[in-house]
Amino acid sequence: MKLAYWMYAGPAHIGTLRIASSFKNVHAIMHAPLGDDYFNVMRSMLSRERNFTPVTASVVDRNVLARGSQEKVVENITRKDAEEHPDLIVLTPTCTSSILQEDLHNFVERAQIESKGDVMLADVNHYRYNELQAADRTLQQIVQFYIEKARKKGELPEGKTANPSVNIIGISTLGFHNQHDCTELKRLMADLGIEVNTVIPEGASVNELKKMPQAWFNLVPYRELGLTTARYLEEQFGTPYVDITPMGVVETARCIRKIQQVINAQGADVDYEEFINEQTLYVSQAAWFSRSIDCQNLTGKKAVVFGDNTHAAAMTKILSREMGIHVVWAGTYCKYDADWFREQVSEYCDEVLITDDHGAIGDAIARVEPSAIFGTQMERHVGKRLNIPCGVIAAPIHVQNFPIGYKPFLGYEGTNQVTDLIYNSFTLGMEDHLLEIFGGHDTKEVITKGISAESDLNWTKDGLAELNKIPGFVRGKVKRNTEKFARDRGIKDINSEVLYAAKEAVGA
């Protein structure tokens with residue numbers, strides 16, 4: 001374990017709570033010390049949920065440590081079962097419960113005897129898995145629990161639906177633009193003549209899960225959440241799955257062609273080429289915009305990309321393949337799935353970074369001086385410090401990235417949103433340039449600290465005065481070049497003479 005003030009993916013129990021709170025009429029009991037229940041506040045604030053978050057903390061305190069916690073946990077489960085009448089209560093372990101080596105399986109069995117609803121344990125190793133991995137495993141465990149339950153009772157529906165149908169797997173609370181993406185995917189399926197069998201977990205009832213095997217195929221739009229469930233359904237029922245993220249013109253078309261192949265193999269006879277052509281030419285403005293003079297002005301500009309696997313890989317392909325932008329490096333914090341990410345993006349960028357160290361990412365951004373950053377909320381902070389615009393493309397995110405308006409990232413409407421984000425990110429900051437041209441005054445203070453640690457250099461009064469005379473839109477670059485020049489030569493104090501010498505050394 002390590003102490004960090006910024007984590008790209010949270011601890012395992014956050015992933016489990018995201019899944020439990022996404023379902024309808026499911027309650028989660030979190031066995032943890034006071035302070036670990038920040039999920040309630042986070043979900044309510046960020047995703048602006050109307051309903052109260054269905055999570056209760058069974059607090060581990062000194063009394064529990066003295067007596068043991070079985071009695072308290074079982075009491076909390078049975079109390080919530082009587083008060084809320086949920087279909088399912090999920091007991092969520094944490095690092096604390098793992099340290100205490102408590103037999104949570106036994107707790108669940110005890111509680112089930114007195115509870116009318118179902119009770120299950122999210123069986124996730126809280127030292128081995130992070131938020132994303134735990135969410136993926138918890139979803140699969142809940143689906144398996146209800147399919148096995150229906151099978152034992154003889155209530156599992158047989159055969160497929162009469163018409164082509166799909167399960168959309170992986171839409172969850174606190175997901176990046178998940179609600180809007182779900183609406184767009186439903187529209188896309190309707191346009192393709194495909195019925196939506198279920199959408200899980202967001203807004204679904206656990207009682208619907210038994211009908212999942214009736215779908216012709218499963219669609220997994222996000223690699224981080226849903227693949228384990230799709231593989232389980234394929235193994236148990238032979239249901240094929242499509243895991244191509246329909247983000248960008250090219251990948252959306254590839255996803256639709258894969259769907260066509262999957263349902264035609266099961267007896268349908270569809271041809272979506274005309275639909276793809278129509279959508280690409282007339283619905284998606286991205287295809288037209290990529291040929292416009294505005295977009296051509298971006299050709300060759302440098303960008304860096306960082307996020308989860310799904311969005312970082314998709315954005316790298318869009319920037320390089322569809323808009324002609326030079327991706328200097330692309331990175332992901334999903335270290336557990338690094339091979340897939342490398343295979344996806346290697347041909348579209350110069351370098352691939354796999355790390356969850358935000359300091360290393362900040363330094364990598366400062367090193368290459370991109371024209372724009374596409375990353376998480378942390379990279380937006382880094383961009384502000386370096387005066388480089390940043391478009392947020394992946395979690396972790398801030399409340400501003402949970403828009404009330406309709407902003408999908410997937411499908412053909414999503415291509416318009418992504419294109420706007422890219423274009424606006426590159427053109428952002430032109431105000432500084434115009435202020436310099438037309439004689440406006442620049443109030444920005446000089447940043448004298450590095451990204452990952454305190455600077456080991458000291459700017460003298462006359463050095464800062466000269467630096468302030470440099471136009472704002474290039475000042476950050478000049479500052480960093482000067483500091484590199486000083487470090488290479490062992491200079492600790494940067495005055496105006498060092499600044500001039502550095503400018504001469506780089507030919508500026």
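Analyst: The dialogue below treats cysteines, salt bridges and aromatic pairs in turn. This is a predicted model, in which local features need pLDDT of at least 70 and side-chain atom pairs count only at pLDDT 80 or more, while totals for chains, interfaces and linings use all residues. Residues are numbered from 1 along each chain as its sequence is written, and side-chain values use heavy atoms, with hydrogens and water left out.

User: How many disulfides does the structure hold?

Analyst: A disulfide is a pair of cysteine sulfur atoms within 2.5 Å. The structure holds zero of them.

User: Is C334 buried or exposed?

Analyst: Buried means under 20% relative accessible area, exposed over 50%, and partly exposed in between (1.4 Å probe, protein chains only). C334 has a relative accessible area of 0% and is therefore buried. C182 is also assigned to the buried class, because its relative accessibility is 8%.

User: How is a salt bridge read, and how many does a search of the whole structure find?

Analyst: Side chains of opposite charge can pair when their charged atoms come close. The criterion is a side-chain nitrogen of Lys or Arg within 4 Å of a carboxyl oxygen of Asp or Glu. By a search of the whole structure, 18 salt bridges are found.

User: Where do E84 and K80 lie, and how far apart are they in the helix?

Analyst: Helices (H or I, at least four residues) and strands (E, at least two) are DSSP runs, numbered from the N terminus. E84 and K80 are both in helix 4 (residues 70-84); because they are four residues apart, about one helical turn separates them. Their side chains form a salt bridge with an N to O distance of 3.6 Å. E84 is partly exposed at 42% relative accessibility, whereas K80 is buried at 12%.

User: Which salt bridges involve E251?

Analyst: One of them joins E251 to R254, at 3.0 Å from N to O. Both residues belong to helix 10 (residues 249-264) and are three residues apart, about one turn of the helix. R254 is partly exposed, with 40% relative accessibility, while E251 is buried at 6%. Another salt bridge pairs E251 with K317, at an N to O distance of 3.7 Å. Here E251 is in helix 10 and K317 in helix 14 (residues 309-323), so this pair ties together parts that are 66 residues apart in sequence. Both partners, E251 and K317, are buried. Elsewhere, salt bridges with shared partners join R79, K80, E83 and E84 into one network.

User: How are aromatic pairs described, and how many does the structure hold?

Analyst: A pair of aromatic rings is described by the distance of the centres and the angle of the planes. Rings of Phe, Tyr and Trp (its six-membered ring) pair if their centres lie within 6.5 Å; planes under 30 degrees apart count as stacked, over 60 as edge-to-face and the rest as tilted. The structure holds seven aromatic pairs. In one of them, the ring centres of Y8 and Y333 are 5.1 Å apart and the planes are at 10 degrees, so the pair is stacked. Y8 is in the segment before helix 1 (12-22) and Y333 in the loop between strand 10 (326-332) and helix 15 (338-345), so that distant parts of the chain, 325 residues apart, are linked. Y8 is buried at 6% relative accessibility, and Y333 is buried at 5%.

User: Which residues do ring pairs link into a cluster?

Analyst: The cluster consists of Y8, F306 and Y333.
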